[in-house]
Every structure is written in structure tokens, then in C-alpha cells.
Amino acid sequence: MKCSAIKPLLPFNLIDTVGNENLISTECVLCGISKIKVKVNMLKLSKWMTIAAGITIIVVLVSYFVVTGEDKASDSKYSLTVPNGLSFGVIKGYENWHLVSSHYRTDRNEIRFILGNSKLIEAYRDGAGKNGKPFPDGSILVKIGYSVKENPDWNSSIEPDVLKRVEYMIKDSGRFEDAYGWGYARFVYDPGNGTFEPYGKDKTFQNECISCHVIVEKKDYVFTDYAGRQIHRGSGCIKLINRGL
Ligand code: HEC
């Protein structure tokens, strides 16, 4: 028998709620057959949608503040200045500079990476630092020092651990005439709070730097030689890239 006299849906007879759906029963006035209708509970659904939207907004806001906060923290280092007037900002973007070479100091158990700006790299290619050839003004060498730790995946390999300091030398023969043409700057890293501290109480701090760097006076006060990136074929090195470096 076709059931034609279903009671109007209102008032609903809500018998259960499953997830976001309400089970609503209706009953035929003639035959008494009851039917169960499933209705999506928009109120409940919209509650979940509101929660999801809220979470999305919170995630977006948190990541915005984390990213910009980090940027601000790393940006603030650029205004730090050492007593000879050189700021961290002079080497802004150094993280992407060219690798000149690296050193491992056995007495300090530290690994150091030496980076250079493009002016410096060009100068190396033109033979600066050798045979008394000086680096031109504007050349910058950055040295980044780290403590070391064992590579967890290969115990005979060591790798950088904690950042110790970032320091640099900039050639400006007029401004730093009394320091053999180079300006020195060092920023000591505090891993505890992630900040840098300019090194040196007054301008004489440079004397300490010079006292060692004069050892390599003949190389224009630069210890580091450019580590060649050579293409080896067969038994010998047949082609050098970067004009002989
Ligand atoms: C005790 C000696 C000594 C003192 C003091 C010293 N340096 Fe150096 N510096 C070196 C040595 C050795 C190297 C070669 C890289 C290495 O072994 O770490 C070097 C390399 C550098 C380099 C990379 C360019 C190059 O010459 O190879 C920079 C930049 C630098 N030092 C900055 C400084 C600054 C800034 C100071 C002073 C705050 C300073 N150094 C004080 C010994 C010294």
C-alpha cells in the first residue's frame, strides 16, 4: 500500500543524532507506518565549520608571527656595530655568498667556512692574494665558526654543531689605512638566546686581529686561499674552471 498521508514534517520527532545528521521520524496518519528521515544538522555542521575556520585563522596568524618574528630577530642583528664603526649590515645577504674555502682548527676543535662577495671572488680569479697582488677595495671575506659534532649517520664524519661567531674583513684602504687597508668586525653568537654580541671594547680591538693577520702580509693579510673547483678527467686534471682556480 502506497503511503500517502505522511504527517507533515513539523513538528519533527527527533529520535537520534549521528555525526552531523539528525534522524527524524514521521508517521502515516492512515496506516501508521513510520518512516525515518535523515536530515543534515546544519547547525552542528556550521559549528564544525566555524571551528575549522577558527583553527585555520589561528594557524595562519601563528605562522605569520613566527616567520616575521624570526625575520625581525635576524634583521635586528644588522644594526649591531663594532667599535671601528663597521656594522653587521655590511655583509647583509652573506648567507648566500660564494664559498671560498673551509678550515678545521685542531686546537679549537672548530670548523670555519670562509665566504666572499663577488668582488672578492673576481679578485681571487685575477690572482689577488698571490705574489703580493692586493685585493681591491670593496672585497669582503666572511668567516663563520662552528663547534663540531659527529655525523650521527657516519661516525668518522664530523659536521658543524653550534654557531660560534660570524666575522668579516672588508678592504677599504682609505678608511682603514692604519690597519693595512682592512676593516675587521666580529659578532659573537649566543646560542642561548639566539643573538649576536659585537666584539671589542674600543677601536683597539682591531690590533688583536692585525697581530695575527700580519703573519700573511705577503698575501694581503688574508690566510685563506681559494679552494679550487677543478674538473678532473681521466688520469689528470685537464680543464680548470673559473679561469685557473
Ligand atoms: C690568533 C690569530 C688570529 C687572530 C687574533 C685573528 N685571526 Fe682571523 N684568522 C686567523 C687564521 C689562522 C685564519 C685562517 C682561517 C682559520 O684557520 O680559521 C683567519 C681567518 C680570518 C678571516 C677569513 C679571511 C682570512 O684571512 O683567511 C677573517 C674574516 C678573519 N680571520 C677575521 C678576524 C677578525 C675580525 C679578527 C679580530 C676580531 C681576527 N680574525 C683575529 C687567525 C687569527
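Let's start with one residue. N109 counts as exposed, with 11 C-beta neighbours inside 10 Å. N109 sits in the loop that links β4 and β5. Its phi is positive, near 55°, and N109 is not a glycine.

Before going on, the ground rules. This is a predicted model, where local features need pLDDT of at least 70, side-chain atom pairs count only at pLDDT 80 or more, and totals for chains, interfaces and linings use all residues. Numbering starts from 1 along each chain, as its sequence is written.

Now the overall layout. The protein has three helices and eleven strands. These are DSSP runs, numbered from the N terminus: helices are H or I with at least four residues, strands are E with at least two. Along the sequence the pattern reads β-β-β-α-β-β-α-β-β-β-β-α-β-β. Of the 245 residues in the protein, 17% are buried. Next, contacts: two residues are in contact if their C-beta atoms, placed from the backbone, lie within 7 Å. Take the contacts in the protein with a separation of 6 or more: 43% of them join residues 24 or more positions apart.

On to the sheet. Which strands form it, and in what order? Six strands make an open sheet, ordered β4-β5-β6-β7-β8-β9, with antiparallel pairing. The edges are β4 and β9, residues 195-198, and each pairs on one side only. From one strand to the next, the twist averages 30°. Here axes are lines fitted to C-alpha atoms, for helices over the stretch in contact, and angles run from 0 to 180 degrees between N-to-C directions. Strands pair if DSSP finds at least two bridges between them.

Let's walk across. β4 and β5 run antiparallel and are joined by seven bridges. D190 stands opposite T195 in β9. These two strands form a hairpin with four residues between them, and G194 in the turn has a positive phi of about 70°.

L141 belongs to strand β6. Is L141 buried or exposed? Buried: 24 other C-beta atoms lie within 10 Å. Leaving aside neighbours within four places in sequence, its contacts are V100, I114, G116, L120, Y168, M169, V222 and T224. L99 is 42 residues away along the chain, yet the C-alpha atoms of L141 and L99 are separated by 9.9 Å.

L120 brings us to helix α2. That helix covers residues 118-125, and L120, A123 and Y124 in it are buried. Why are they on the same side of α2? Because they cover an arc of only 100° around the axis. The arc is that of the directions from the helix axis to the C-beta atoms. In general, an α-helix has 3.6 residues a turn, so residues three or four places apart point the same way. What covers the buried residues of α2? The cover includes β5 and β6. After α2 comes G127, with a positive phi near 90°.

One more backbone point. Y221 is not a glycine, but its phi is positive, about 70°. Y221 lies in the loop between α3 and β10, residues 230-233. Y221 is buried, with 24 other C-beta atoms within 10 Å.

Finally, the ligand. Which residues come nearest? Among the 21 residues around the ligand, they are Y184, C209, C212, F223 and T224. Near means that a residue's C-beta atom, placed from the backbone, lies within 6 Å of the molecule or strand. Which elements supply at least two residues each of the shell? They are β4 (98-105), β5 (110-116), β6 (140-151), β7 (154-171), β8 (182-190) and α3 (205-213). The largest share, five residues, comes from α3. By type, the shell divides into eleven nonpolar, four polar and six charged residues. The classes: Ala, Val, Leu, Ile, Met, Phe, Trp, Tyr, Cys and Pro are nonpolar, Asp, Glu, Lys and Arg are charged, and the others, Gly among them, are polar.

Note on methods:
A residue is buried if 20 or more other C-beta atoms lie within 10 Å of its own, exposed if 12 or fewer, and partly exposed in between; C-beta atoms are placed from the backbone.
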